[in-house]
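Biologist: I have a structure open and want to learn how to read it. Please take me through it.

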Amino acid sequence: MQDEVEVWRPEGLSRLRRLAIKWFSENGRKLPWRITSDPYAIWVSEIMLQQTQVATVIPFYHRFLESFPDVVSLADASLDDVYRHWAGLGYYRRARQMHQAAKVVQKEHAGVFPTDFQRVHELPGIGRYTAGAILSFSADQRQPIVEANTQRLYARLLHLKQETTSKAGQSHLWTFAELVLPKQKGSGGVNQALMEIGSQVCLPKNPLCMVCPLSDLCPTFKSGSQAKIPVPKRPKDFTDLREIALVIHDAKDRFLMRRCASDERWAGLWDFPRFDVTPCKTEASEAAHVAMQFRERFGKSVLIGQKLHELKHAVTRYRILLKGYEAEIDSSVRAKWKEDVETVWADADELSNLALSSSGKRLWNTVLRNRNDV
Ligand code: SF4
C-alpha cells in the first residue's frame, strides 16, 4: 500500500507540508492556546479539549488560567477547588489527573514543566498524543501526533485499509505522523495545520473535499471512498448494569452525600449513595438488596420510598440503568450520624456546589424539578 500512495514519497510529503501550512495561515482559527508557547497553558487546553468542543472549552480555559496561572498554583490548590473550576466540563477524571500531574511537576521537576518527551509522557493523564502535542506546540519539537482528527485525515491520505485502532493501523498512522514532519524546524506548525484540516475540512461525514488543500494528494478522494475510510470500528460489547441511588434527606433538609472512593467510577466525586442491583430479579428484591448493602456500608437501616427517576447512561463499556429512589433513615440514627471526609449531609446550596458525578447531577436536577413543581 505504501508505494502506491503519493504522500509516502519525499516529494509528496514536502508538497503536503507546503499546502497544509499555506491553507492554515489563511484559514486556521485563532484559538487562545495557539498564541502561547507556555507548555502549562497548552497542556490545560489539550486536556480540556479531550471529549469537549472548542467553543465550550474557551471560557473554561480562560477562567482556569486566571485562577491557576501556573503549574505550582494548580499543585497548591485543593482538589475540590480544581473540581469547582471544572464543573460543567464533565469527565472529572481529567481534572483529578491534572492535579496529580501538577503535584509531580512541583515535587520532581521543581515546578517547571518538563521538556523531555519521556518525562512529560510519564505524568498522570498524559498519553503519547498529548505529550507530543505539548512539546510540539510549545517548543517546536519534532514530535509526531495522532489524535481523532489527524487519525481520520491520515487514514484517508494513506487510503488505510485497516481499522485505525488496530495494531497495524496505528503503526501506519504513527509512522506517517513522524514522516510528515520536517527534519529541521516547523513541526509544531505542520502538526497544527494538519490537525486543523482534519477538524475543519476532512470531516467524519461528508468531508469538504472540494475545498480541501490536499485533495490532489488524496487517494480516498480520487477513488470516491470517503464513506468507507476510515474503516468503521466494530461495535463495542457492552455489559448491562442496574443501579439504585438513594436520595435521603433529614428534617433540616440536608441530603446524605458520599464521596466516591479512588477505586470506584467517578473517583473523588460526590454522589448519592448508590448500589448495584444487577443480580436482582424484581423491584422488591432490589429494595431488600439495597437495604442490606446500605447497612453493610454505613452500619444503619434505611427505608426505601418512591421512585424518583430512571436514566440510562453509558460509562466506558458499561450500559447502566440508574434508578433514583427517595429513602429515609430514622431521626435518632440521623442525630448520631458522624460526618467524615467520605460522607456529608449537604443542604441544597452546598450540594449544588459539590463536584457531582454526571448521573448524580441529573438525579439532583430531578429532585430540584420535583420540588419546584410542588
Ligand atoms: Fe479528506 Fe477529502 Fe481532503 Fe481527502 S480530499 S483529505 S478525504 S477532505
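Modeller: We will look at the nonpolar cores and then the salt bridges. This is a predicted model, where local features need pLDDT of at least 70, side-chain atom pairs count only at pLDDT 80 or more, and totals for chains, interfaces and linings use all residues. Residues are numbered from 1 along each chain as its sequence is written, and side-chain values use heavy atoms, with hydrogens and water left out.

Biologist: What is a nonpolar core, and which residues touch the most other members of the largest one here?

Modeller: A nonpolar core is a set of buried Ala, Val, Leu, Ile, Met, Phe, Trp, Tyr and Cys residues joined through side-chain atoms within 4.5 Å. Buried means under 20% relative accessible area; exposed is over 50%, and partly exposed lies in between (1.4 Å probe, protein chains only). The largest core here has 48 residues. Tyr-40, Trp-43, Met-48, Phe-64, Leu-74 and Trp-86 touch the most other members.

Biologist: Which element gives the largest share of this core?

Modeller: Helix 2 does, with 7 residues. Helices (H or I, at least four residues) and strands (E, at least two) are DSSP runs, numbered from the N terminus. The core also draws at least three residues from each of domain 1 (6-223) and domain 2 (239-373). Those bounds come from an automatic or database domain assignment.

Biologist: What is Met-48 in contact with?

Modeller: Contact means heavy atoms within 4.5 Å. Leaving aside neighbours within four places in sequence, Met-48 is in contact with Val-57, Phe-60, Tyr-61, Phe-64, Trp-86, Leu-89 and Arg-94. There is also a second, separate core of 32 residues, including Val-146 and Leu-214.

Biologist: Now the charges. How many salt bridges are there?

Modeller: Side chains of opposite charge can pair when their charged atoms come close. A salt bridge is a side-chain nitrogen of Lys or Arg within 4 Å of a carboxyl oxygen of Asp or Glu. The structure holds 22. In one of them, Asp-240 pairs with Arg-319, with the closest N and O atoms 3.0 Å apart. Asp-240 lies in strand 1 and Arg-319 in strand 6, so the pair ties together parts 79 residues apart in sequence.

Biologist: Are Glu-286 and Lys-323 buried or exposed?

Modeller: Both are buried. Glu-286 forms a salt bridge with Lys-323, the closest N and O atoms being 3.0 Å apart. By contrast, Asp-240 is partly exposed at 47% relative accessibility, and Arg-319 is partly exposed at 40%.

Biologist: Which residues join the network that salt bridges with shared partners make?

Modeller: Arg-242, Glu-283, Glu-286, Lys-307, Glu-310 and Lys-323 are joined into one network.
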